[in-house]
Amino acid sequence: MSGKFIRLSTAAMVYRQSTIRAGRATTISLFVHGDVKPENFLLGLPGSPEEKKLFLIDLGLASKWRDSSGQHVDYDQRPDIFRGTIRYASAHAHLGRTGSRRDDLESLAYTLIFLIKGRLPWQGYQGDTKSFLVCKKKMATSPDMLCSFCPPPFKQFLESVTNMKFDEEPNYAKLISLFESLIESPASRPIRIDGALKVGQKRGRLPVNHEEDDQPKKKVRLGSPASQWISVYNARRPMKQRYHYNVADNRLQQHIEKGNEDGLYISCVASSANLWALIMDAGTDFGSQVYELSPVFLHKDWIMDQWEKSFYITAIAGALNGSSLVLMSKGTPYTQQSYKVSESFPFKWINKKWKEGFHVTSMATAGNRWGVVMSRNSGYSEQIVELDFLYPSEGIHRRWEHGYRITSSAATGDQAAFILSKPKRKPVDETQETLRTSAFPSNHVKDKWAKNLYIASICYGRTVS
């Protein structure tokens, strides 16, 4: 690799977001560029004083990362919004998250790897699902694989920037230093970083062990993709709760009937390996409940028949074989319901129903299909979505900080989705916890009960080990 190429690379890492206007560069370091790619880097005219300067052009997608008061912009996610170029965009951009400084650096990592290798593994996808497939491939491709045959600094740079938090302050000098060993000494020269664009959410792919003083310290395991149980626990007044898991179709009736005899109704359901998990408790306020186990994912005729009898959907689950378990109850506050089954997460439909006064009250998946139930008079004032190819831990924690709580969850083998809501009536105790386990969390539930934490939602699917 030539010293000239490395000088370009390291300069690019601390670029000033500039546009050429009237022959001069205007620095706007408070902006995220939003579309970092090879085509947007230019050198000055040969023979001019600018010939060795690197310019970043095309600021059409630029956005501020800091507001007028000097605070970092707020985190948000809109899964129907994508900004950038699919090949080089960060995974967060694919998922519709607000752009921050870390996203430009992730795009820069893909740009540098493309320049040295000539191709990225996700090139060639076509069709309406291209962005989904590219994002899935990016998340599944480890730094080791992506940076094979590249000098070690490329992998180190990629690991560093893909593990940054949303509002993290980047250390440009440290990022530059990763590449210093590749610069030919006669060609090396100091690079100014004052006024440079600065970066920052933790997505996590592989372990990262870079500390400020380069001394080996605590090694953070950020995880790799896996399928796990994701359980959500809410603080409640002491009550009776019961769970069953690995329940075969022919055992459902006896568990449900026994629970009903004891005054318990099903509050949530889930499925793993075509077996069912049932959570039954005394805190539902339901007066009666009916269920259907169907080979069809959300059997329309049966659901409509129950709606006519004033039953409303209160829990759903789908299995890998396409079957579904639907619980409908009386005693809910709902006044109207609508549901949708789709091959991808139906955010546009959800957003449309939000505007009509509906809120998500149940979700499930069957294979790669999503089923979402929305209801009027749900008791929620606001809702948002957290959608990711791994468990979206940082997004959930940021939502918790603003008073949101998980009210529905579902996962496929590819994605996990969480609905977080603000209740109209603030609960006495807002404590909520999540747990991810490879087996059903039977070894943990009693410990939670002892703390008056009860299972409120559970699903099985894509997360991180």
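# Reading a predicted fold, feature by feature

Q: Let's start with one residue. Is tyrosine 110 buried or exposed?
A: Buried, since its relative accessible area is 0%. Keep in mind as we go that this is a predicted model.

Q: How many aromatic pairs does the structure hold?
A: There are 18 of them. One is formed by tyrosine 110 and tryptophan 122, an edge-to-face pair with 5.1 Å from centre to centre and 75 degrees between the planes. This pair links distant parts of the chain, with tyrosine 110 in helix H3 and tryptophan 122 in the loop between H3 and H4, 12 residues apart. Tryptophan 122 is buried too, at a relative accessible area of 3%.

Q: What kind of pair do tryptophan 307 and tyrosine 339 form?
A: A tilted one: the centres are 6.2 Å apart and the planes make an angle of 55 degrees. Here too, distant parts of the chain are linked, because tryptophan 307 belongs to helix H9 (residues 300-308) and tyrosine 339 to strand E14 (residues 336-342), 32 residues apart. As for the general idea, a pair of aromatic rings is described by the distance of the centres and the angle of the planes.

Q: Are tryptophan 307 and tyrosine 339 buried or partly exposed?
A: One of each. Tryptophan 307 is partly exposed, with 24% relative accessible area. Tyrosine 339 counts as buried at 19%, because the cut-off for buried is under 20%.

Q: Which residues do ring pairs link into a cluster?
A: Trp229, Tyr243, Tyr245, Phe440, Trp449 and Tyr460.

Q: On to helices. Which residues of helix H4 are buried?
A: Start with the general idea: an α-helix has 3.6 residues a turn, so residues three or four places apart point the same way. In H4, which spans residues 130-140, the buried ones are Val134, Cys135, Lys138 and Met139. These four cover an arc of only 130 degrees around the axis, so they lie on the same side of H4.

Q: What do the buried residues of H4 pack against?
A: Helix H2 (91-94), helix H3 (101-117) and strand E17 (380-388).

Q: In what sense do E8 and strand E10 pair?
A: Antiparallel, over 5 bridges, with E10 covering residues 275-281. Histidine 244 has leucine 278 in E10 as its bridge partner. Strand E8 (residues 241-247) is mostly covered, with 5 of its 7 residues buried.

Q: Now contacts along the chain. Where is alanine 456 found?
A: In strand E21 (residues 453-464). Alanine 456 is partly exposed, at 28% relative accessible area. Setting aside neighbours within four places in sequence, alanine 456 is in contact with Val232, Tyr233, Asn234 and Cys268.

Q: And which residues is asparagine 260 in contact with, leaving aside its neighbours within four places in sequence?
A: Tyr265 and Met280. Asparagine 260 sits in helix H8 (residues 252-261) and is partly exposed, with a relative accessible area of 30%. Its C-alpha is separated by 9.5 Å from that of aspartate 281, 21 residues apart along the chain.

Q: Last one: what is the mean pLDDT of the chain?
A: It is 87, and 84% of the residues reach 70 or more. Where pLDDT is low, the predicted coordinates should not be read in detail. Over residues 1-28, pLDDT stays under 50, and the model has 79 contacts beyond four places in sequence for them. Residues 191-222 also stay under 50, with 121 such contacts.

Conventions:
Residues are numbered from 1 along each chain as its sequence is written. This is a predicted model: local features need pLDDT of at least 70, side-chain atom pairs count only at pLDDT 80 or more; totals for chains, interfaces and linings use all residues. Side-chain values use heavy atoms; hydrogens and water are left out. Helices (H or I, at least four residues) and strands (E, at least two) are DSSP runs, numbered from the N terminus. Buried means under 20% relative accessible area, exposed over 50%, partly exposed in between (1.4 Å probe, protein chains only). Contact means heavy atoms within 4.5 Å. The arc is that of the directions from the helix axis to the C-beta atoms. Rings of Phe, Tyr and Trp (its six-membered ring) pair if their centres lie within 6.5 Å; planes under 30 degrees apart count as stacked, over 60 as edge-to-face and the rest as tilted. pLDDT is the predictor's confidence in each residue, from 0 to 100. Two strands pair if DSSP finds at least two bridges between them.
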